[in-house]
Amino acid sequence: MSSAEGYILNAVQTPGPLYPVYKSVASGQRTKEAIKADAGIDSNLDATLDGLRLLRLVGREDGEYYTSDYKWDTGSDERDFKLTALHNLAQECDEGEWGKQAVALLNYGYLLEEDVQYFENNEEPLYDAIDDWFSSIGYQPQSQQGRITHNDNKFANWTRLMHFLGLVHKVRGREHTVYPDPDLVRTSLELAVDDRGIDVDGAPGIEIEQYLRWLRGNLLYVTTTSDGQVPEGLARVLFELVRDNEIEVVEYGDAGAIGLGGVPPYDGIDNEANTIKLV
């Protein structure tokens, strides 16, 4: 990974302007002066453009900015923007060949894997543990000064970016919960089914392991837990979708069972479930 490329946890400190600046460039504004006038953003424009470039949503050539297309068209422009940002971050998470910006989704993957449901955005023991885990998996982002590790500012910047993208939610003060937006999860299921789905008794569906594999390649770095279950942070959202009669989690075919971590028995969730069916 390049030490010369910027680092997303330094560049994106205030994610709110990312979308309006992207839209400004997409509408034809090509210079900083034109973007500033169009979007009405005077402060931190350079940082916002740098953040968009690290998210692979904006590029620059011959002094002019241009946008990359969205990965999907789901009917909501802002949702497509955020999904594409997550998709581009997922492309950094190639095991053994980690991209520099993999930090965004690897941090989240650690919280899911370790069942960290609540955290504070300046929780030093937590981000120190994440840095240790990075070393164990061979992810070591570099700057020109050497290896990059977390500190309070970087972890707070990461938390704000994840909140913007719908993966964590603020409870109070510095405390946040690890809980992906149900709309994001439902949309991801629809996209995964379109891509890798199967027919489940006449309804669209996808094997759970295939869905997790699709997430890793497209949106989130998430694996089954050591006891072969969907991590609780994601499982809670799947449970909510079952409860709202949007999906069923069923036993179908020959794939091995994968439980939903921390989810109680419930109608619409089979005991030996291995497949998600859209309702």
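This is a predicted model: local features need pLDDT of at least 70, side-chain atom pairs count only at pLDDT 80 or more; totals for chains, interfaces and linings use all residues.
The protein contains 11 helices and 13 strands. Its radius of gyration is 19 Å, close to the 19 Å that the globule rule gives for 279 residues, so the protein is as compact as a globular protein of that length. Along the principal axes, the C-alpha atoms fill a box of roughly 60 × 40 × 35 Å. Of the 279 residues, 50% are buried.

The pairing can be followed down to single residues. Strand β6 is joined to strand β7 (residues 175–178) by 4 bridges, and the two run antiparallel. Opposite His 169 stands Thr 177, a residue of β7. In a regular strand, side chains alternate between the two faces of the sheet.

Another set of pairings is found further along the chain. Strand β8 (residues 198–200) runs antiparallel to strand β9 (residues 203–207), and 3 bridges join them. One of the residues involved is Asp 199, whose bridge partner in β9 is Pro 204. Together β8 and β9 form a hairpin, with 2 residues between the strands. In the turn of this hairpin, Asp 201 has a positive phi of about 50°. Strand β9 also pairs with strand β13 (residues 275–278): 3 bridges join these two strands, which again run antiparallel. Here the bridge partner of Glu 207 is Thr 275 in β13.

Attention may now turn to the pockets. The largest pocket has a volume of about 210 Å³. Its lining consists of 14 residues, and those nearest its centre are Gly 259, Leu 260, Ile 269, Asp 270 and Asn 271. Sorted by class, this lining comprises 10 nonpolar, 2 polar and 2 charged residues.

The second largest pocket holds about 170 Å³ of space. Which residues line the second largest pocket? Among them are Ser 76, Glu 78, Arg 79, Lys 82 and Leu 83, as well as His 163, Phe 164, Leu 165 and Gly 166. Asp 181, Asp 183 and Leu 184 also belong to the lining. Three helices, α5 (77–90), α8 (152–165) and α9 (182–196), are the elements that give two or more residues to this lining. The largest share, 4 residues, comes from α5. By class, the lining of the second largest pocket divides into 4 nonpolar, 3 polar and 5 charged residues.

Helix α9, which contributes to that lining, also contains Val 185. Is Val 185 buried or exposed? A residue counts as buried when its relative accessible area is under 20%. Val 185 has a relative accessibility of 1% and therefore counts as buried. Finally, Val 185 and Leu 219 are 34 residues apart in sequence, while their C-alpha atoms are 9.9 Å apart in space.

Note on methods:
Residues are numbered from 1 along each chain as its sequence is written. Side-chain values use heavy atoms; hydrogens and water are left out. Two strands pair if DSSP finds at least two bridges between them. On a 1 Å grid over the protein atoms alone, a cavity is a set of points where a 1.4 Å probe fits but cannot get out, and a pocket is an open set with protein on both sides within 12 Å along at least five of seven lines; lining residues have an atom within 4 Å of a point. Grid points are joined across faces, edges and corners, and a volume is the space filled by probe spheres set on the points. Ala, Val, Leu, Ile, Met, Phe, Trp, Tyr, Cys and Pro count as nonpolar, Asp, Glu, Lys and Arg as charged, and the others, Gly among them, as polar. The radius of gyration is taken over C-alpha atoms; the globule rule is 2.2 Å times the number of residues to the power 0.38. Buried means under 20% relative accessible area, exposed over 50%, partly exposed in between (1.4 Å probe, protein chains only).
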